[in-house]
Amino acid sequence: MSPAYTTREQYERWHKRDCARCGRHGSFAARWPDGHVCRTCHDRALQQRGRCPNCSTDRILPGLRTDDGAAICPDCAGFTMSYACSRCGREAKLHGGRRCTRCTLADRLGELLDDGTGRVQPRLAPLAEHLLGMDNPLSGLAWLSYGRHPAADLLRGLGSGEIPLTHDAFRTLQPWRAAAHLRELLMACGLLPVVDKQILLFERWLHEHLAGLADPEHAQILRRFATWNVLPRLRARADARPLTPAGRGYAGEQIIQATALLRWLAERGRTLADCTQADVELWHVEHATSANANLRQFLLWAAKTRLTRRFDLPPTASPCGKPLPEHDRTALLGQVLTDRTGPLRSRAAAAILLLYAQPVSRITRLTIDDIIRDGGQVLLRLGDPPSPMPEPVADLLFEYLGQRTNMRTATNRDSRWLFPGRRAGEPLQPSTLSTLVQTLGVPSITARAAAIRQHVLDLPAPIVASALGYHQVTTARLAAEAGTTWANYATGE
Ligand SMILES: [Zn+2]
Ligand SMILES: [Zn+2]
Ligand SMILES: [Zn+2]
């Protein structure tokens with residue numbers, strides 16, 4: 001027999017027994033008159049309290065009456081040890097120094113919340129009272145002894161004043177689980193104002209989301225957006241009624257889409273500051289309706305705080321990502337060409353929009369030199385090569401060319417812009433053009449998505465991209481969405 005085995009056997013003989021109450025073999029907590037008892041049976045028996053059936057005193061009843069197994073008091077059961085707390089005298093499970101759980105917890109809190117003068121920091125007294133008043137002080141004690149004592153460290157920080165008693169301080173505290181629990185306790189005992197749980201969860205998520213971003217400038221913009229726009233709206237709603245997880249998810253989605261936009265711009269070598277109307281429109285064509293709806297708040301906020309210029313955003317009422325059905329587009333084009341009641345300028349712009357799928361911002365940059373006569377054919381230079389223009393549209397454009405608006409001012413007389421603006425030397429504002437087109441009943445962004453979808457159904461995506469000056473990835477994705485057989489051309493290699 002090896003010496004190690006002998007040691008193990010000795011250990012087992014001294015420290016392990018069959019429990020007299022549950023029969024399990026294991027380490028025992030005490031030796032009582034009815035035999036050795038395990039930790040579980042020991043703790044459970046000491047929680048029993050009431051009138052002893054033998055002597056009628058009101059106290060703990062951990063003993064067992066031999067004849068019927070009724071719970072009786074320690075004296076009647078013949079216990080040799082006392083379970084009276086050495087501090088408060090109450091009978092209960094005892095810890096170090098023969099103190100009950102509540103007295104042990106009070107000692108632990110006194111030590112952790114010490115303000116440096118040997119007493120609990122007076123401001124934190126309600127927290128200590130709250131913890132000591134719990135039905136099960138043992139869980140409080142366990143919480144403060146758990147693992148590497150993260151909760152204990154947080155309490156110590158509060159006691160010393162290193163952690164200020166504010167929601168702000170708790171937003172970034174780690175580890176978050178212990179911090180979140182402590183924050184709930186502080187709200188429960190009135191030391192912190194009550195905040196909706198969904199807001200707390202959102203804030204923690206936001207903190208982690210921002211910490212995970214590679215670009216510190218993106219994180220800074222998004223933090224401002226969350227602080228000055230998303231959170232105030234959440235708080236206002238929480239004031240009316242408790243928030244739902246869905247409400248929190250919606251707020252998170254706004255941050256996620258704003259993050260995606262910043263990243264998307266960065267991939268194009270742009271920042272939010274030089275994001276153009278064309279970029280916004282391209283984004284709307286490339287992204288799903290839900291993503292666009294979730295981005296709206298961010299773009300409105302960015303324009304309001306002058307981080308960007310003002311954008312012409314699709315109305316929320318009609319979902320912007322849903323392309324105009326092809327027959328609607330053809331019908332609209334026919335109406336624009338034949339119905340002469342609308343202003344000529346608006347009709348010309350709408351025709352280009354419906355036919356060529358151009359962002360309004362690009363239509364405003366067209367010059368009269370972009371309309372090319374090539375023998376019997378008329379071409380519009382939007383990309384390379386120029387795109388052919390069907391006769392009815394060419395007729396409309398030439399009619400318009402003869403009477404361009406905003407040409408009266410001296411400086412604008414020689415303007416080459418196809419759509420001269422009111423300001424000298426400048427084309428029309430894209431938002432103005434967009435409004436003109438919309439007045440005719442042509443939704444500028446949905447119409448554009450519809451037009452390019454039809455183009456990609458007719459031609460390989462790379463050819464459409466090059467002819468219309470479109471970003472290749474966009475056309476490739478639209479081709480894939482439209483399910484064309486051309487999708488395999490789309491890599492453009
Ligand atoms: Zn047991
Ligand atoms: Zn008794
Ligand atoms: Zn006690």
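User: Which residues in α4 meet which residues in α6?

Analyst: In this predicted model, Thr-101, Arg-102, Thr-104, Leu-105 and Arg-108 in α4 meet Pro-137, Leu-138, Gly-140, Leu-141 and Leu-144 in α6; two residues are in contact if their C-beta atoms, placed from the backbone, lie within 7 Å. Sorted by class, this contact of α4 with α6 has five nonpolar, three polar and two charged residues, where Ala, Val, Leu, Ile, Met, Phe, Trp, Tyr, Cys and Pro count as nonpolar, Asp, Glu, Lys and Arg as charged, and the others, Gly among them, as polar. Helices (H or I, at least four residues) and strands (E, at least two) are DSSP runs numbered from the N terminus. Residues are numbered from 1 along each chain as its sequence is written, while chains are lettered from A and ligands numbered from 1 in the order in which they are written. As this is a predicted model, local features need pLDDT of at least 70 and side-chain atom pairs count only at pLDDT 80 or more, whereas totals for chains, interfaces and linings use all residues.

User: At what angle do α4 and α6 pack, and how far apart are their axes?

Analyst: Two packed helices are described by the angle between their axes and the distance between the axes. For α4 and α6 (residues 137–145), the angle is about 35 degrees and the axes are 9 Å apart; axes are lines fitted to C-alpha atoms, for helices over the stretch in contact, and angles run from 0 to 180 degrees between N-to-C directions. The crossing of α4 and α6 is left-handed, a term used if the near helix is turned anticlockwise from the far one by less than a right angle, with right-handed used if clockwise.

User: Is the crossing of α4 and α5 left-handed or right-handed?

Analyst: The crossing of α4 and α5 is right-handed. Helix α4 (residues 101–112) packs against helix α5 (residues 125–132) at an angle of about 160 degrees, and their axes lie 10 Å apart. The two helices are therefore roughly antiparallel to each other (under 35 degrees counts as roughly parallel, over 145 as roughly antiparallel, 65 to 115 as roughly perpendicular and the rest as oblique). On the α4 side the contact uses Arg-102, Leu-105, Ala-106 and Leu-109, which meet Ala-128, Leu-131 and Leu-132 in α5. By class, the contact of α4 with α5 has six nonpolar, no polar and one charged residues.

User: At what angle do α11 and α12 pack?

Analyst: Helix α11 (residues 216–240) and helix α12 (residues 245–267) pack at about 160 degrees, with axes 11 Å apart, which makes α11 roughly antiparallel to α12. Their crossing is right-handed. Among the contact residues of α11 are Ile-221, Leu-222, Phe-225 and Val-230, and among those of α12 are Ala-251, Ile-255, Ala-258 and Leu-262. The residues of this contact divide into 10 nonpolar, four polar and one charged.

User: In what order do β1, β2 and β3 form a sheet?

Analyst: The order is β1-β2-β3, in an open sheet with antiparallel pairing; two strands pair if DSSP finds at least two bridges between them. The edge strands are β1 (16–18) and β3 (35–38), each of which pairs on one side only, and neighbouring strands of the sheet are turned by 70 degrees against each other on average, direction ignored. Strand β2 (residues 25–32) is joined to β3 by four bridges, and Phe-28 stands opposite Cys-38 in β3. Helix α2 (residues 39–47) lies across β2 and β3, running at about 90 degrees to β3.
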